[in-house]
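Biologist: Thanks for sitting down with me. Could we walk through this model together, one question at a time?

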Amino acid sequence: MVGTLLFYRRIASPLHATRASIGAAWALSLTAAELVLYHPLCLLALLVAVLGAGWGAGVGLRLTRSLRTAMIVALPIVLVNVLVTRQGLTVFARLGDLGPFGQGDLTVEAAAYGGVIALKVTLLILVTGLAGLAVDPDEMLRMFRRLSFRSALTATLATRMLPVLAADSQRLAEAQRTRPGGAPTGARGRVALLSAVVAGSLDRAMDVAATLEVRGFAAARGAARARRPVRRPLSRHDIAFAASAVAILALAIAGRATGVASFASYPRIELPTGAGTFALAAALIAATLLPFCDRRGIEP
Amino acid sequence: MTAAVLSFANVTYRYPDVERPALSGVSLEIEPGEFVLLAGLSGSGKSTLLRAACGLAPHFHGGRFAGRVELAGLDTREHGPARLGAFAGALFQDPETQLVTSSVRAELSLALESRGESAAAVARGVEEVALALGIDALLDRATPELSGGEKQRVALGAALAGRPQIVLLDEPTSQLDPVAGDELIGLLRRLNQEWETTVVLAEHRLERCLTGADRVIALEHGRLACDGDPAAFMQWASERAPALQTPGAKLFALCDLHPAPVGVKQARAALRSLALLPDQDGHERPRAAPAPVRRAARLKGARRARTPSALAMRGVWHELRDGPAILRGATLAVAPGESVALMGRNGAGKSTLLRHAAGLLEPTRGRIERSGRVALLLQNPGDYFIHERVDEELSGQALATAGLTAMAARHPRDLSGGERQRLALAIVTDLGDPAQGEKRHEPTRDDDLQAPPAVLALDEPTRGMDRQAKAELAAELRRRAEDGQAVIVATHDPEFAAACAERAVLLADGRVIADGPTRELLAGGWYFATETARILGGAGGALLPEEGAELLRRRVPLEVAL
């Protein structure tokens with residue numbers, strides 16, 4: 001059951017073999033690129049690159065599952081933007097007079113802009129999912145502990161509580177299914193079920209917090225600061241992903257600055273479709289995926 | 001005299017908003033290198049004593065604390081659990097909440113890193129503890145992927161990584177199969193003997209660890225009731241607390257043999273000296289003497305073989321997508337009125353088989369036929385409670401049948417372990433109450449719901465239960481079987497299996513590898529055997545102290561396999 005959850009597991013992949021700080025920076029560079037770029041072709045290129053990276057990191061199947069979740073969020077964005085935006089000149093459907101909402105003209109431009117935003121949201125979810133699956137959270141928490149003890153404690157609890165609570169809620173739902181007549185229905189039943197889940201999660205959080213206490217996590221405040229960080233030599237994968245992160249950022253900024261990745265949706269859709277745009281899209285894919293080609297020394 | 005590593009001086013402790021003290025005037029001293037067993041019924045204060053020792057009470061739980069606890073010379077009122085963690089490793093019941101990081105390596109490193117050890121010291125400490133506990137192969141595994149037994153070993157490793165002077169363990173074997181449980185106890189003995197680590201272990205199944213203990217401390221209602229070596233404890237238990245007696249001690253008490261034995265070896269030696277068991281050499285390995293005590297059950301079983309099954313599973317497979325097969329062609333038929341104990345190691349497929357029986361899972365191959373509803377009680381009774389009051393959870397009739405009417409107004413989570421189990425059992429077998437029909441949740445199989453369940457399936461119902469509560473549950477299951485319900489119990493506890501089931505099924509790797517009368521299956525094994533059977537060498541198929549006593553009372557030397 002836990003196999004369906006998005007949690008980190010050290011497997012043989014170049015991204016898993018990279019130190020957490022560089023892996024996280026690489027994921028941040030992808031996030032920054034998708035925030036900077038609006039051209040649909042570049043965003044689609046990033047989508048292909050992230051999914052490819054997922055397969056390269058051995059978590060493609062689980063990442064594809066989160067793509068389905070992303071779609072649930074993304075599609076309503078397109079729909080809502082088409083329905084509420086009154087900008088754009090190319091009308092593809094007229095709903096007539098909607099009273100206080102004015103004329104219900106649905107435009108291609110609103111649909112296109114909604115699509116771009118949906119693509120960005122999808123990318124954000126996928127990159128976060130990829131980082132969650134392939135960047136060691138414990139190594140990240142160790143880094144944060146030196147910077148902020150309380151934040152690290154909260155993050156540790158949250159990180160651990162996610163799989164624990166997911167397993168708990170699955171168990172609770174299963175137990176309710178074994179009641180004669182099935183799980184409670186109706187508003188009252190659902191509220192009761194929800195409050196049981198919340199009460200259980202508080203108990204669980206207390207248990208995990210007690211374990212952290214006896215393991216001396218609270219005493220780590222001074223110790224973590226006093227201890228000098230371990231200096232590890234950069235591995236080939238560290239260097240490759242660091243270079244990839246710089247390249248992705250540079251390409252995104254260059255695309256935005258030179259205008260080859262510009263995009264305007266209102267009043268009419270304007271987007272360059274020259275060789276420069278295609279080259280940028282191809283370069284983004286290459287920069288993201290190249291580090292996955294070197295598979296030496298990736299075993300845990 | 002060596003300074004005590006742990007001392008309690010007149011300690012009284014109350015949890016917040018609770019009237020009755022969980023500990024009352026407790027005074028004791030534990031010397032370095034001692035292996036101490038904590039005994040007592042549920043609610044006697046064992047867990048609280050351990051939590052007070054590591055500083056969680058009162059620092060973490062709050063409440064009112066009087067007296068003085070010193071651990072490694074540090075007063076727990078002045079030093080919190082984090083500071084005390086440098087000297088004491090703690091391991092509690094639920095392995096799920098004992099792991100706080102995502103990988104095994106990070107889990108083992110945490111305590112050392114928190115102390116500010118150098119990277120080299122952390123790496124060495126992790127390697128050493130992993131090798132010592134045999135979990136080196138797990139170092140790069142993700143913690144959510146581990147089995148219950150593996151999680152418990154890793155949690156123990158995390159508690160030991162900092163080389164504490166004392167380890168405090170609260171029923172660490174309650175979720176483990178007999179093999180994994182014995183391995184864990186063996187490991188603790190080795191730590192105690194080779195590293196001189198002081199061990200304080202709270203356990204319900206005392207027979208597992210009595211022989212390795214230097215001392216037993218028994219608690220009753222938060223008070224110290226007995227403090228002595230295992231032999232003294234057995235003597236005290238036989239006089240004052242029969243519920244804490246081991247099966248071996250009960251067997252001797254029933255035969256009026258003294259002193260009560262501490263473990264199988266001592267019991268056999270005593271029986272040999274009385275010529276009740278043959279000598280170790282010069283004997284044959286004959287067949288076990290016929291058991292007079294269960295002939296009726298055998299005849300009943302033969303009759304049942306001709307009756308239609310309440311549950312029939314034929315060649316059931318459960319294959320995970322992109323994963324292993326959990327069940328591999330499991331076949332099992334259970335007749336009405338038959339009680340079956342499902343046994344096997346953690347991960348053998350017991351829980352999955354029960355879920356298939358109840359229709360919670362669909363087999364990927366194979367067929368399942370049910371003659372009526374299958375009521376399934378899952379491992380954690382707390383998962384059934386979603387209301388604020390006991391009487392909101394089930395019909396009035398079911399409440400009365402379960403004998404819980406007096407607790408109708410209480411919150412289900414405030415009930416004791418045994419009461420919670422009874423309430424959960426009543427919920428899954430509830431037939432509804434015409435007067436309170438509106439409380440029922442849209443039945444989908446009306447016909448099924450009007451009749452008692454044809455099959456009652458229970459998944460590890462005795463976790464964390466004391467002997468008394470187990471005996472009550474076994475009696476309840478026997479009563480239900482006599483009423484015609486088929487009962488299937490997945491359990492790791494051979495004593496409970498022997499007390500409630502007439503047939504045992506052993507599962508391994510998703511397959512049924514043995515299926516037969518309980519007295520045959522649990523009489524001749526090492527791990528899957530009751531203490532009485534191990535003492536008597538499986539003679540007569542006697543599994544329970546009462547059955548063994550009947551054989552011994554005949555004062556005939558038993559011809560048994562030694």
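Modeller: Gladly! One definition before we start: two strands pair if DSSP finds at least two bridges between them. Bear in mind that this is a predicted model.

Biologist: In which sense do S9(B) and strand S10 of chain B pair, parallel or antiparallel?

Modeller: Strand S10 of chain B covers residues 223–228. DSSP needs at least two bridges for a pair, and S9(B) and S10(B) have five bridges. Their sense is antiparallel.

Biologist: Which residue takes a positive phi in the hairpin of S9(B) and S10(B)?

Modeller: The hairpin has two residues between the strands. The one with a positive phi, near 50°, is B:His221.

Biologist: S9(B) also pairs with strand S3 of chain B. What is the bridge partner of B:Ala39 in S9(B)?

Modeller: S3 (residues 35–39) and S9 (residues 215–220) of chain B run parallel over four bridges. On the S10(B) side, the residue we want stands opposite B:Cys226. The partner of B:Ala39 is B:Ala218.

Biologist: Let's turn to a helix. How far apart are the end C-alpha atoms of helix H5 of chain B?

Modeller: H5(B) has 15 residues, 119–133. The expected span is 1.5 Å times one less than the number of residues.

Biologist: Within what arc do the buried residues of H5(B) fall?

Modeller: The buried residues are B:Val122, B:Gly125, B:Val126, B:Val129, B:Ala130 and B:Leu133. An α-helix has 3.6 residues a turn, so residues three or four places apart point the same way. Seen down the axis of H5(B), the buried residues line one face, because they fall within an arc of 125°.

Biologist: How many residues does the largest nonpolar core have?

Modeller: Those with the most contacts inside this core are B:Ala53, B:Val455, B:Ala457 and B:Ile488. Apart from it lies another core of 53 residues, including A:Ala27 and A:Phe292. The largest core has 181 residues.

Biologist: And how many helices and strands are there in chain A?

Modeller: From the N terminus, its elements run α-α-α-α-β-β-α-α-α-α-α-α-α. That gives two strands and eleven helices.

How values were computed
Residues numbered from 1 in each chain as written. Chains lettered and ligands numbered in written order. Predicted model: local features only at pLDDT ≥ 70, side-chain atom pairs only at ≥ 80, totals over all residues. Core = buried A, V, L, I, M, F, W, Y, C linked by C-beta atoms within 7 Å. Buried ≥ 20, exposed ≤ 12 C-beta atoms within 10 Å, placed from the backbone. Arc of directions from axis to C-beta.
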